[in-house]
Amino acid sequence: MGKKVLVFGSFVVDLMGRTPHLPAPGETVKGSMFKLGPGGKGFNQGVAAHKAGADVTMVTKICRDTFGGVALDTMKELKMDSSRVLFSEDVETGAALIMVDEKTSQNEIVVILGACNTITDEEVDSLTDVIEGSAYLLTQLETNVSSVERIVDIAYKKGVKVILNTAPVQPIEDELLAKVDLITPNEVEAEILTGIKVDSEEAADKAADWFFARGVKRVLITLGGRGVYLNTGDKKGILPAYKVEAVDTTGAGDAFNGGLLAALAEGKDLWEAAKFANALAALSVQKMGTTPAMPLREEIDAFLENHK
């Protein structure tokens, strides 16, 4: 187990239905399967890091309702620290309505962020002690942005390394970027943020330079099946992805970010950490769902051993 880390982000309950085709407006379609389970980018990443062996404090905000119970039950079952979970008295726990076309695997998703979109400055300030005690903070853009800006600012001032996963993508102030140690967009998010289409290694270099110019220390761009582009300023290149038979790619990015955090907390360099994260993501897409698909440490180690 490495140094303590903090994951700050969203929790929503995923309500997933599989159907022969996605309904047209006004159409009712008979689905073939329904699943309810824990989700949200922040929560998925926290679970991925925890199952990979990291010492994680997970911070999210829920309501004391049925869906909030899903978060607490999951954390209890996985023996995760839930002591810093925040509660809303008046806004319900978030939910994601997911429809999946079983023939094409295309999906349509509506996310209602609920409680985790209402994190106040006071609530963030109450986390100062746990931020201070962490080596890394991993956060995303799925909670209210004011809460992300606030926690990144505290972490930066306390000398805690900030990893920012830029999903779901939205404009980011330069002031926030200047406090980020490592940014982890996918190729689409990188293009939206920088205006540069990341379709080659040269283009990725340009996108990285755009982030460097704004004060980001290290850049990692996930390229789907092509692998991962890394640039630390003094070393750069593409790490290929592992070739596996994907069953469900939902949450692959979250698996990757959680794995990256766990590996960095153990003192691995960015290249080793990205390799570990690639393995975690490759394992996660071979199972259905998000949180339940996150692999255990022994599975990751065995996978790496078999793919030397």
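Two strands pair if DSSP finds at least two bridges between them. Helices (H or I, at least four residues) and strands (E, at least two) are DSSP runs, numbered from the N terminus. Strand β11 (residues 182-183) and β12 run parallel and are joined by two bridges. This is a predicted model: local features need pLDDT of at least 70, side-chain atom pairs count only at pLDDT 80 or more, and totals for chains, interfaces and linings use all residues. Residues are numbered from 1 along each chain as its sequence is written, and side-chain values use heavy atoms, with hydrogens and water left out.

- Strand β12 (residues 218-222) is mostly covered, with five of its five residues buried. Buried means under 20% relative accessible area, exposed over 50%, and partly exposed in between (1.4 Å probe, protein chains only).
- Both faces of β12 are covered. Arg218, Leu220 and Thr222 are buried on one side, Val219 and Ile221 on the other.
- Strand β13 (residues 228-231) runs antiparallel to β12, with four bridges between them. Leucine 220 stands opposite leucine 230 in β13.
- β12 and β13 form a hairpin with five residues between them. Glycine 224 in the turn has a positive phi of about 60°.

- Strands of a sheet pair through backbone hydrogen bonds, either parallel or antiparallel.
- Four strands form an open sheet in the order β3-β2-β7-β8, with mixed pairing. The edge strands, β3 (33-39) and β8 (107-114), each pair on one side only.
- From one strand to the next, the twist averages 15°. Axes are lines fitted to C-alpha atoms, for helices over the stretch in contact, and angles run from 0 to 180 degrees between N-to-C directions.
- Strand β2 (residues 12-19) runs parallel to β7, and eight bridges join them. Valine 13 stands opposite alanine 95 in β7.
- Helix α2 (residues 66-77) lies across β2, β3 and β7, at about 65° to β3. Contact means heavy atoms within 4.5 Å.

**Helix α11**

- The buried residues of α11 are Arg297, Ile300 and Phe303. They cover an arc of only 125° around the axis, which puts them on the same side of α11. The arc is that of the directions from the helix axis to the C-beta atoms.
- An α-helix has 3.6 residues a turn, so residues three or four places apart point the same way.
- Exposed Glu298 and Asn306 sit on the face of α11 turned away from its buried side.
- The cover over the buried residues of α11 includes α1 (41-51) and α10 (270-284).

**Aromatic rings and charges**

- The structure holds three aromatic pairs. Rings of Phe, Tyr and Trp (its six-membered ring) pair if their centres lie within 6.5 Å; planes under 30 degrees apart count as stacked, over 60 as edge-to-face and the rest as tilted.
- One of them is tryptophan 210 with phenylalanine 211: the centres are 5.3 Å apart and the planes at 90°, so the pair is edge-to-face. Phenylalanine 211 is buried, at a relative accessible area of 0%.
- Another is tyrosine 242 with phenylalanine 303: the centres are 5.0 Å apart and the planes at 90°, so this pair is edge-to-face.
- That pair links distant parts of the chain, 61 residues apart. Tyrosine 242 is in the loop between β14 (236-239) and α9 (252-265), and phenylalanine 303 is in helix α11 (residues 297-306).
- Tyrosine 242 is buried, at 18% relative accessible area. Phenylalanine 303 is buried too, at 7%.
- Arginine 214 lies over the face of tryptophan 210, 3.7 Å from the ring centre. A charge sits over a ring if NZ of Lys or CZ of Arg is within 6 Å of the ring centre and within 35 degrees of the ring normal.
- The charged end of arginine 64 sits over the ring of phenylalanine 87, at 3.8 Å from its centre.

**Loop residues**

- Glutamate 92 is in the loop between β6 (86-88) and β7 (93-101). Glutamate 92 is partly exposed, with a relative accessible area of 42%.
- Not counting residues up to four places away in sequence, glutamate 92 touches Cys63, Asp65, Gly114 and Ala115.
- Most residues other than glycine have a negative phi, and most peptide bonds are trans.
- Lysine 79 is not a glycine, yet has a positive phi of about 55°. Lysine 79 is in the loop between α2 and β6 and is exposed at 72% relative accessible area.
- Alanine 167 and proline 168 are joined by a cis peptide bond, with omega about -15°. Proline 168 lies in the loop between β10 (161-164) and α6 (174-177).
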